Amino acid sequence: MASNLLIFGTFKEMNPKGKVVCTAFGVSGAFVFGGQFGFVSGVAPEMLGAIIISKLTAGIIKIVLAAWLYDRENKEFSLKENGGICNEY
């Protein structure tokens, strides 16, 4: 949560869903305790709690939404390949 460099260091070993979810968290949930934390503590220390809560909440929402959208799109793609026949059952 301080930096997303560790995520991108192992990016090539991740499966496609892992890449999507990690990137989604990196957009809004990353840097909670990094540079933005330091900036806000210097400029408006009374806002630290709100920044931490909002960034963590946004990161969690992004993870859930990215995983759901990935699964939904992947399912739609497999349905198109099979001619609309669902092989899940």
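**Salt bridge and surroundings**

Tutor: A search of the whole structure turns up one salt bridge, meaning a side-chain nitrogen of Lys or Arg within 4 Å of a carboxyl oxygen of Asp or Glu. This is a predicted model, where local features need pLDDT of at least 70 and side-chain atom pairs count only at pLDDT 80 or more, while totals for chains, interfaces and linings use all residues. Residues are numbered from 1 along each chain as its sequence is written, and side-chain values use heavy atoms, with hydrogens and water left out.

Student: Which residues form the salt bridge, and how far apart are the closest N and O atoms?
Tutor: Lysine 17 pairs with aspartate 71, and their closest N and O atoms are 3.1 Å apart. Lysine 17 is in helix α2 (residues 16-28) and aspartate 71 is in helix α4 (residues 48-81), so the pair ties together parts 54 residues apart in sequence. Helices are DSSP runs of H or I with at least four residues, strands are runs of E with at least two, and both are numbered from the N terminus.

Student: Why can side chains pair at all?
Tutor: Side chains of opposite charge can pair when their charged atoms come close.

Student: New topic. What is serine 28 in contact with?
Tutor: Serine 28 lies in helix α2 and is buried, with a relative accessible area of 15%. Leaving aside neighbours within four places in sequence, serine 28 touches Lys55, Ala58, Gly59 and Lys62. Contact here means heavy atoms within 4.5 Å.

Student: Which residues form the nonpolar patch on the surface?
Tutor: Ile61, Leu65, Trp68 and Leu69, with about 390 Å² of accessible area together. Patch residues have over 30% relative accessible area and no salt bridge; like charges are joined within 9 Å, and nonpolar side chains (Val, Leu, Ile, Met, Phe, Trp, Tyr) within 5 Å. Areas come from the Shrake-Rupley method with a 1.4 Å probe, and for residues only the protein chains shown count as cover. Leucine 69 lies in helix α4 and is partly exposed, at 31%.

Student: And the chain overall, how many helices and strands?
Tutor: Four helices and zero strands. Of its 89 residues, 21% count as buried.

Key:
Buried < 20%, exposed > 50% of the residue type's maximum accessible area, 1.4 Å probe, protein only.
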